[in-house]
Amino acid sequence: MFARPLQCAATKPNQQSTTTAPPNAPHQYTISDYGYGKDSVKVLHVKRNGPVHSIKEFEVGTHLKLYSQKDYYQGDNSDIVATDSQKNTVYLLAKKHGIDNPEKFALILANHFLTKYAHIAEAHIHVEEYPWERIAQEDSGICDNNYTSINNRQRHNHAFIFTPIAQRYCDVVLRRADPKQTIISGIKGLRVLKTTQSSFVNFVNDEFRSLPDQYDRLFSTIVDCCWEYSNIDDVKFCQTWNKVKNIIIQNFAGDPNVGVSSVSVQNTLYLTQKEVLDVIPQVSVISMTLPNKHYFNFDTKPFQSVAPGENNEVFIPTDKPHGTIYAQLARKDLKCHL
């Protein structure tokens with residue numbers, strides 16, 4: 001959480017530093033990056049609308065960057081908003097404003113810190129949502145492989161079930177010196193698998209290669225995807241998040257009866273990113289990482305007396321080592337922070 005690239009001390013051209021080292025700072029050193037905050041603040045909000053209740057459970061991180069660095073250089077804590085106070089702020093603003101979605105709540109928190117404390121230069125809020133859904137009316141109980149849906153079943157007024165299909169998260173960064181808001185939404189942990197229509201052929205063939213061409217293989221991955229908004233005018237965050245998730249699944253799986261061909265993980269990743277940028281104009285850049293989770297055929301050739309014939313039914317799940325494919329696709333001439 002809050003991983004940052006290492007930065008050199010020199011200020012980039014046309015970039016002004018927001019901090020000034022005190023006179024007694026060691027002249028040969030400078031603090032090139034810093035900040036502090038509270039991580040993993042867990043909050044559950046219950047909205048009661050008569051007999052129908054709704055819940056949101058978040059895990060929140062709040063990180064602040066002060067104009068002053070005297071807490072580092074001199075041990076002067078007079079500007080520090082304690083991380084315990086930051087924790088309390090999460091609960092109090094949840095009580096005051098309620099919780100609608102990760103992005104909206106993160107914006108409320110970030111704006112609060114910059115409005116309340118004039119000596120804060122930057123507020124970075126990270127929110128992860130726990131995937132709760134209403135319990136639906138019991139189905140027929142028949143165990144088969146057909147598609148099922150809870151859309152046509154009655155949902156419970158006040159009982160919920162944890163459905164960890166994927167996790168939603170966001171990062172919001174507000175800087176007092178920069179009017180541009182950084183709002184990044186994301187999805188992680190979306191594990192998918194298909195049993196055909198995936199190939200990988202015609203790659204480099206040299207003395208280091210042992211993998212044969214794969215004309216039809218199992219394809220499985222765990223999607224980690226995030227995107228940044230160039231603006232949030234008319235953006236409905238929940239609808240947009242679900243739209244991106246559906247685009248990911250559609251490009252991976254295709255039509256339920258026909259499927260879709262994948263000639264490589266790279267191509268599937270690119271087509272997914274392109275469609276997101278095509279259909280959501282407020283998104284300026286999208287980043288995706290797709291680790292290739294392998295399932296290898298169990299070799300039955302030495303066991304023909306026990307299991308005769310070719311094997312295309314039994315596979316060995318192998319999570320390590322695995323390939324990792326990633327890319328970032330951006331609109332041209334747009335600045336982003338991913």
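Q: What volume does the largest cavity have?
A: In this predicted model, the largest cavity has a volume of about 60 Å³. A cavity is a set of points, on a 1 Å grid over the protein atoms alone, where a 1.4 Å probe fits but cannot get out. Its volume is the space filled by probe spheres set on the points, which are joined across faces, edges and corners. The model is predicted, so local features need pLDDT of at least 70 and side-chain atom pairs count only at pLDDT 80 or more, while totals for chains, interfaces and linings use all residues. Residues are numbered from 1 along each chain as its sequence is written, and side-chain values use heavy atoms, with hydrogens and water left out.

Q: How many cavities of 30 Å³ or more are there?
A: The count is one cavity of 30 Å³ or more.

Q: Which residues line the largest cavity?
A: A lining residue has an atom within 4 Å of a point. Here the lining consists of Val 192, Phe 219, Thr 221, Val 223, Ile 248, Phe 252, Thr 268, Leu 269, Thr 272, Met 288 and Leu 290. At least two of the lining residues come from each of β8 (219–229), α4 (237–253), α5 (265–279) and β9 (283–297). Helices (H or I, at least four residues) and strands (E, at least two) are DSSP runs numbered from the N terminus.

Q: How many nonpolar, polar and charged residues are in that lining?
A: Ala, Val, Leu, Ile, Met, Phe, Trp, Tyr, Cys and Pro count as nonpolar, Asp, Glu, Lys and Arg as charged, and the others, Gly among them, as polar. The lining has eight nonpolar residues, three polar ones and no charged ones.

Q: What is the overall make-up of the protein in helices and strands?
A: There are five helices and ten strands. Of the 338 residues, 36% count as buried; buried means under 20% relative accessible area, exposed over 50%, and partly exposed in between (1.4 Å probe, protein chains only). A contact means heavy atoms within 4.5 Å. Of the contacts between residues at least 6 apart in sequence, 70% join residues at least 24 apart.

Q: What span should helix α2 have, and why?
A: The expected span is 1.5 Å times one less than the number of residues. Helix α2 (residues 83–97) has 15 residues and should therefore span 21 Å, which agrees with the 21 Å between its end C-alpha atoms.

Q: Which residues of α2 are buried?
A: The buried residues are Gln 86, Thr 89, Val 90, Leu 93 and Ala 94. They cover an arc of only 125 degrees around the axis, so they sit on the same side of α2. The arc is that of the directions from the helix axis to the C-beta atoms. Among the elements covering these buried residues are β1 (36–49), β2 (52–66) and α3. The face turned away from the buried side carries Leu 92, Lys 95 and Lys 96, which are exposed. Just after α2, Gly 98 has a positive phi of about 75 degrees.

Q: Where are positive phi values found in residues other than glycine?
A: Most residues other than glycine have a negative phi, and most peptide bonds are trans. Gln 197 is not a glycine, yet has a positive phi of about 60 degrees. Asn 202 also has a positive phi, near 60 degrees. Gln 197 is in the loop between β7 (178–194) and β8, and Asn 202 lies in the loop between β7 and β8. Gln 197 is partly exposed at 29% relative accessibility, whereas Asn 202 is exposed at 67%.

Q: Where is a cis peptide bond found?
A: It joins Lys 320 and Pro 321, with omega about -10 degrees. Pro 321 lies in strand β10 (residues 315–330).

Q: Is Asn 292 buried or exposed?
A: Asn 292 is buried, with a relative accessible area of 8%. Its place is in strand β9. Leaving aside neighbours within four places in sequence, Asn 292 is in contact with Arg 217, Phe 219, Ser 220, Val 265, His 322, Gly 323 and Ile 325.

Q: What is Ala 253 in contact with, leaving aside its neighbours within four places in sequence?
A: Ala 253 is in contact with Gly 259 and Val 260. Ala 253 belongs to helix α4 and is partly exposed, at 32% relative accessible area. Between Ala 253 and Gln 197 there are 9.2 Å in space, C-alpha to C-alpha, although they are 56 residues apart in sequence.

Terms used. On a 1 Å grid over the protein atoms alone, a cavity is a set of points where a 1.4 Å probe fits but cannot get out, and a pocket is an open set with protein on both sides within 12 Å along at least five of seven lines; lining residues have an atom within 4 Å of a point.
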